[in-house]
Amino acid sequence: MTEAPERYGLMWPGKRAAARSAQARASTRLIDVPELSVGPGTSDSGGGTGDGAGDSDGAGDSGGTGNSSGTSESNSTGNTIIVGDNLEVLRLLRDTHAGAVKLIYIDPPYNTRSDFVYNDDFSIGVREFRDRHGPHDPRDGPDSGARLHADWLSMMYPRLILAREVLASDGVGFVSIDGNEVAQLKLMLAEVFGARNVVATIVWVSNLKGRQISIGGPAGTHEYIVCFARDAEAIARFRGSGSEFHERMPAVYRRPGYRVKHDEHGPYVTKNELYNTNSRFNERTAPTLVYRIHFNPTTGEVRVSDVDDDTEFPGFVTALPHPNHRDGLRWHAWRWSRAKVLADSDDLEFEVSGASLRIRTKVRDVDGMTLKDVILGPTTAEGQADLDALGMRHLFETPKPVSLLRTLIAVASDDDDLVLDFFAGSGSTAQAVLEQNAADGARRRFMLVQLPEPVSPRSDAARAGFETVAALTVERVRRAAERVGQNHPTVDCGFRVQRLATASE
Ligand SMILES: C[S@@+](CC[C@H](N)C(=O)[O-])C[C@H]1O[C@@H](n2cnc3c(N)ncnc32)[C@H](O)[C@@H]1O
């Protein structure tokens, strides 16, 4: 008997049904909630409650447009908060926003089984598991993790399938996660987006003191931000400002130490000489990159000639390639071809000292730096402080620090890109978009989705008058927008609130 071919992949009970739920058509529509919306084109009457008490889930109906773009009127805001289950909302966005989202940031429940204002426990008991999925496959022993992870996977799977539909061809996604589900998440992303499109796993050191209350093992200090792309080959490098990185994360980025110089094309720094410091590139391995360069300090003219041709040019100083000390070799290669040296000589700095000539390459992006895959600076406590600063102390347990999100948003989006967060929580992503726009002048738009999940009756949020997490989201964004708008009147600080219509509406 021949054995069935073995397959590679992530399996769990409930996967088929989860995939089907992504394919299902949306059964509802979006309607506007003008009384919670803010700014031109949203028909608001001043916006929000102003005192922290939230409307429960955006009751009220404008009659509804079903259009979630928020840009139907020319001067209307491009920002949107949608109150509803993100699965149904993503089904709607699949039709209205296919390929339109440049950056997805999500911070889903981590399945840590903690008692938060939102549900963070997707584990199920033995009996419930059997009722739902039938008896355990005998190969899934009690420690296989199926009861702990299956429902979390089934929750995430259709949402990621739909997320792929709305992501732009050069779009990037970030998912915050901790050690509980990072393995499952990465395998699932690899299945949905393709293994090559799981681009990086960024470590965020969220609490360097370490969670001293951890049960057994080391005290946790970090979580992850898994980065994926619709097409890894189409995404840009995560470039940002070296001085801003240094300010936010001094332990990871040194203060940019290069002296800024100027020429007729503007500022530049020099970091490297023109010769290739790697001795493996030499006259044998790269013969076309081994030649003489001549520079005329009076006229600025540049010439090149063969390395063994000792013709002298009057008025010119000559640079031979760098000597190579490897056995049997004479020269290091240059990093640039002859043609490039002649065409782009404005991007070379020639330092003449007597008869010797040193050549360096000019870097025009003087403050530019690529984001590293460790983030150490913004902390969990800072996320709380951001909420405190808006007068919303202790109203949400797990807000991400705005500066962390700004770092991601700054390197992976610009212009008028759309930033989507469909597990919005306290709405930190919206604040980060607004603050980053204020800082760099871009006109990014945000779209948040948040379930009208009732807050626990014993929570500070309930005591402050909020009935749902979504009400809290709207209020936080309203306060953050008001603050940004005061100092930056040109930033679009309005937002349209929409919600899923109920069956009878
Ligand atoms: C970890 S929190 C996000 C925190 C957020 N990043 C912040 O900085 O405040 C996850 C959020 O996802 C929401 N959520 C869970 N399931 C959802 C669903 N099906 N649709 C929309 N939101 C959901 C929860 O209510 C919770 O607010």
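Predicted model: local features only at pLDDT ≥ 70, side-chain atom pairs only at ≥ 80, totals over all residues.

W12 belongs to the segment before α1 (15–23) and Y157 to helix α4 (residues 146–166), so the pair ties together parts 145 residues apart in sequence. Buried or exposed? Both W12 and Y157 are buried.

Next, pick F295 and F350. With ring centres 4.2 Å apart and planes at 5°, the pair is stacked. F295 sits in strand β10 and F350 in strand β13 (residues 348–353), so you're looking at a link between distant parts of the chain, 55 residues apart. F295 and F350 are both buried too.

**Over to the sheet**

Stay with β10 and bring up its partners: three strands make an open, antiparallel sheet, ordered β11-β10-β12. At the edges are β11 (302–306) and β12 (317–319), each pairing on one side only. From one strand to the next, the twist averages 25°. Strand β10 (residues 291–295) pairs with β12 over three bridges, and I293 stands opposite A319.

Now click S305 in strand β11. S305 counts as buried, at 7% relative accessibility. Its side chain makes a polar contact with the side chain of H294, at 2.7 Å. Beyond its neighbours within four places in sequence, S305 touches Y291, R292, H294 and R338.

**Charges over rings**

Finish with two lysines: K362 lies over the face of Y268, 4.7 Å from the ring centre, and the charged end of K372 sits over the ring of Y253, 4.9 Å from its centre.

Conventions
Residues numbered from 1 in each chain as written. Heavy atoms only, no water. Pairing = 2+ DSSP bridges. Helix = DSSP H or I, 4+ residues; strand = E, 2+ residues; numbered from the N terminus. Axes fitted to C-alpha atoms, helices over the stretch in contact; angles between N-to-C directions. Buried < 20%, exposed > 50% of the residue type's maximum accessible area, 1.4 Å probe, protein only. Polar contact = N/O pair within 3.5 Å; in protein donor to acceptor, adjacent residues only side chain to side chain. Contact = heavy atoms within 4.5 Å. Phe/Tyr/Trp six-rings, centres within 6.5 Å; stacked < 30°, edge-to-face > 60°. Lys NZ or Arg CZ within 6 Å of the ring centre and 35° of its normal.
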